[in-house]
Structure formats: C-alpha cells, structure tokens
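Work through the exercises below with the sequence and the 3D structure at hand. Try each task before reading its solution.

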Amino acid sequence: MNNDVIEVLLVDDHRAYRSAAAGWLSMHPNLDIVSEADSVEAALAKLASTRVDLVVLDVHMKDIDGIDGAGLIFDRYPDVHILLCSTSDRNDLPGLARFAANQNLTFISKPDLEPDAIVQWFRGRQVTLNVAHN
C-alpha cells in the first residue's frame with residue numbers, strides 16, 4: 001500500500017450517486033475507493049473485512065441514517081475518519097452536534113464533495129469545507 005493513498009469506503013443508498021461519486025473521487029491520485037455499501041449495516045460488514053481509512057457516509061438513508069450510523073461505526077472502529085455528506089444544510093441536521101468534539105468526523109454538502117478538500121481535511125490541514133468543524 002502507498003502511504004499517500006487514502007482508502008475509502010463509500011456508503012450511499014442511491015446507486016447512481018454512489019457510482020458517480022466513486023468515479024469522481026477515484027480520479028484523485030490520493031483517494032482509492034476500496035469498497036462501496038448501500039447501508040450502514042453493509043458498511044459495518046465491509047469494515048470488518050476491508051482496510052479503510054475514510055468512510056464517506058450519506059446522512060439520509062433507509063433504516064439507519066448516517067448520523068446514527070457514524071455512532072455505530074465509531075463504537076467499533078474509533079480510529080476511522082468519517083465524512084458525512086448530504087444535500088441538506090448542516091444547520092438542518094441537529095444530530096451532528098453530538099460529534100462536535102470528534103476530530104475524526106466532519107460534514108460536507110454533496111455538491112461540495114471535492115477530492116482535494118477531502119484529502120486536505122484527512123491529512124489535517126486547515127481547509128474550509130461546508131463542515132461542522134475542521
């Protein structure tokens with residue numbers, strides 16, 4: 001494995017969006033989409049068998065939403081980074097407040113899902129996304 005490459009699990013219940021996002025993100029030389037899932041349950045199964053640095057997790061999904069899913073993921077994998085994304089504004093997602101102190105989680109709106117900004121956030125540089133915190 002190349003230490004510069006961030007291994008990503010992409011979780012979204014809309015197949016067309018997931019496919020488009022995977023294509024867009026994988027164009028960046030430091031992002032490798034190693035797996036995809038259509039639910040939090042499927043993501044947890046993938047995490048049990050796949051090395052992942054970053055989970056890009058949709059907020060609005062059937063069954064378990066991304067905010068509750070982030071909590072479940074952190075319960076089992078506290079060192080993974082999670083990028084929650086949604087078409088909703090972060091101010092319309094009061095559940096994000098529970099992660100305010102967690103530096104391994106941030107939020108970005110789906111239209112702003114920019115590979116360079118994701119890599120910079122993951123690497124810990126100061127960067128402004130449409131985020132809950134940097």
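The model is predicted, so local features need pLDDT of at least 70 and side-chain atom pairs count only at pLDDT 80 or more, while totals for chains, interfaces and linings use all residues. Residues are numbered from 1 along each chain as its sequence is written, and side-chain values use heavy atoms, with hydrogens and water left out.

**Exercise 1. The elements**

Task: State how many helices and strands the protein has and in what order they run.

Solution. Step 1: take helices (H or I, at least four residues) and strands (E, at least two) as DSSP runs, numbered from the N terminus. Step 2: count them, which gives four helices and five strands. Step 3: read from the N terminus, where the order is β-α-β-α-β-α-β-β-α.

**Exercise 2. Burial and contacts**

Task: Find what share of the residues is buried, and what share of the contacts with a separation of 6 or more joins residues 24 or more positions apart.

Solution. Step 1: call a residue buried under 20% relative accessible area, exposed over 50%, and partly exposed in between (1.4 Å probe, protein chains only). Step 2: of the 134 residues in the protein, 51% are buried. Step 3: define a contact as heavy atoms within 4.5 Å. Step 4: among contacts with a separation of 6 or more, 65% are between residues 24 or more positions apart.

**Exercise 3. Salt bridges**

Task: Determine how many salt bridges the whole structure has, and describe the one between Arg18 and Glu36.

Solution. Step 1: side chains of opposite charge can pair when their charged atoms come close. Step 2: the criterion is a side-chain nitrogen of Lys or Arg within 4 Å of a carboxyl oxygen of Asp or Glu. Step 3: the search finds five such bridges. Step 4: in one of them, Arg18 and Glu36 have an N to O distance of 3.2 Å. Arg18 belongs to helix α1 (residues 15-26) and Glu36 to strand β2 (residues 31-37), so this pair links distant parts of the chain, 18 residues apart. Step 5: Arg18 counts as buried because its relative accessibility is 12%, whereas Glu36, at 33%, is partly exposed.

**Exercise 4. A network**

Task: Which residues are linked with Arg51 in a network of salt bridges?

Solution. Step 1: the network consists of Glu7, Arg51 and Asp53. Step 2: between Asp53 and Arg51, the closest N and O atoms are 2.5 Å apart. Step 3: Glu7 is located in strand β1 (residues 6-11). Step 4: compare accessibility; Glu7 is buried at 12%, Asp53 is buried at 13%, and Arg51 is partly exposed at 47%.

**Exercise 5. Lys110**

Task: Describe the salt bridge of Lys110 and the ring that its charged end sits over.

Solution. Step 1: Lys110 pairs with Asp58, with 3.3 Å between the closest N and O atoms. Lys110 is in the loop between β5 (105-109) and α4 (115-123) and Asp58 is in strand β3 (residues 54-58), so the bridge ties together parts 52 residues apart in sequence. Step 2: both Lys110 and Asp58 are buried. Step 3: a charge sits over a ring if NZ of Lys or CZ of Arg is within 6 Å of the ring centre and within 35 degrees of the ring normal. Step 4: the ring here is that of Tyr17, with the charged end of Lys110 4.2 Å from its centre.

**Exercise 6. Nonpolar cores**

Task: How many residues has the largest nonpolar core, and which have the most contacts inside it?

Solution. Step 1: a nonpolar core is a set of buried Ala, Val, Leu, Ile, Met, Phe, Trp, Tyr and Cys residues joined through side-chain atoms within 4.5 Å. Step 2: the largest has 21 residues, and those with the most contacts inside it are Leu9, Val11, Val55, Leu57, Ile73, Ile82 and Leu84. Step 3: at least two core residues come from each of β1, α2 (40-49), β3, α3, β4 and β5. Step 4: another core, apart from this one, has 18 residues, including Ala21, Leu25, Leu113 and Val119.

**Exercise 7. Asp63**

Task: Where is Asp63 found, and is Asp63 buried or exposed?

Solution. Step 1: Asp63 is in the loop between β3 and α3. Step 2: at 74% relative accessibility, Asp63 is exposed. Step 3: its phi is positive, near 65 degrees, although Asp63 is not a glycine.
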